[in-house]
Amino acid sequence: MRLLVVEDDRDLNRQVVSALEEAGYAVDKAFDGEEGAFLGETEPYDCIILDMGLPKADGVSVLSGWRRAQVKTPVIILTARDRWSDKVNGFDAGADDYVTKPFHMEELLARVRALLRRTAGHATSQISVGPVVLDTRSGRVFVDGSPVKLTSHEYRLLSYLMHHTGRVVSRAELTEHLYDQDFDRDSNTIEVFVGRLRKKLAVDLIQTVRGLGYLIDAGAGGQQP
């Protein structure tokens, strides 16, 4: 999953980005409303964390602009504790959730996980397909109850596919959502990660749809022959 953090407080921005990266997300960052508005409209994020009090363009204006441009990316707004009006204005502008400053990082991470799950149509922190279970809270993967050790990129790839179970996902889309904008992207590495995942999971989970991409079917997950 690829996220954007728009926050002008550089220390807080750094802390949030660091926590999200440690949780396994690819993260881009912006420090003012103009830069955030541009990135949010031109890059394919899975979730955006947006501060309301930004220089150059305030958060409500940025969010309203995204929604007018038909940007449907889920947005969590950050608001000051005594500014209840920010919450109201944020929701009216199209926000999906909010976190009040100061906040515990675990709360923000939990809200990000919940919003990503709801957007993809999953009700709990565990996503299961056949014998494979992806625990979004712990960042762990299990096959038939046994843990499988994955690298961060392997986990990101599996997580994205399992969040979008039942839909064919192209290599280009995977590349856009697995790496931040500073990463030297190479779509050929997707094939390598898929091959490694198939070997480690040892179940028939990830299907190749020739010419289109990859698919995890809701009924998949049998043992590989």
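Predicted model: local features only at pLDDT ≥ 70, side-chain atom pairs only at ≥ 80, totals over all residues.

Me: What makes strand S1 and S2 a pair?

Reply: Count the bridges. Strand S1 (residues 2–6) and S2 are joined in the parallel sense by five bridges, and the cut-off is at least two. For a spot to look at, find Leu 4, which sits opposite Asp 28 in S2.

Me: Where do S1 and S2 belong in the sheet?

Reply: The open sheet has five strands in the order S2-S1-S3-S4-S5, and the pairing is parallel. From one strand to the next, the twist averages 20 degrees.

Me: Why do strand S2 and strand S5 count as edges?

Reply: Strand S2 (26–30) and strand S5 (97–101) each have a single partner strand, so one side of each has no neighbour in the sheet.

Me: What about strand S11 and strand S12, which way do they run?

Reply: Those run antiparallel: strand S11 (residues 206–209) and strand S12 (residues 213–216) are joined by four bridges. Ile 206 faces Ile 216 in S12. The hairpin has three residues between the strands, and Gly 211 there has a positive phi near 80 degrees.

Me: Why is H6 called oblique to H7?

Reply: Start with the angle: the axes of helix H6 (residues 152–163) and helix H7 (residues 171–178) cross at roughly 120 degrees and come within 10 Å. Roughly perpendicular covers 65 to 115 and roughly antiparallel starts over 145, so an angle between those ranges is oblique. That's why H6 is oblique to H7. The crossing is right-handed.

Me: Which residues of H6 and H7 make the contact?

Reply: On H6 they are Arg 156, Leu 157, Tyr 160 and Leu 161, and on H7 they are Glu 173, Leu 174, His 177 and Leu 178. Sorted by type, that contact has five nonpolar, one polar and two charged residues.

Me: How do you know that Gln 70 is exposed?

Reply: Its relative accessibility is 57%, and exposed means over 50%. So Gln 70 counts as exposed. Gln 70 lies in the loop between H3 and S4, and its phi is positive, near 65 degrees.

Me: Why does Asp 144 count as exposed?

Reply: Asp 144 has 55% relative accessibility, so it counts as exposed. Asp 144 is in the loop between strand S8 (140–143) and strand S9 (146–148), with a positive phi near 55 degrees.

Definitions and conventions: Residues numbered from 1 in each chain as written. Heavy atoms only, no water. Axes fitted to C-alpha atoms, helices over the stretch in contact; angles between N-to-C directions. Helix = DSSP H or I, 4+ residues; strand = E, 2+ residues; numbered from the N terminus. Parallel < 35°, antiparallel > 145°, perpendicular 65-115°, else oblique. Left-handed = near helix turned anticlockwise from the far one by under 90°. Contact = heavy atoms within 4.5 Å. Nonpolar A, V, L, I, M, F, W, Y, C, P; charged D, E, K, R; others polar. Buried < 20%, exposed > 50% of the residue type's maximum accessible area, 1.4 Å probe, protein only.
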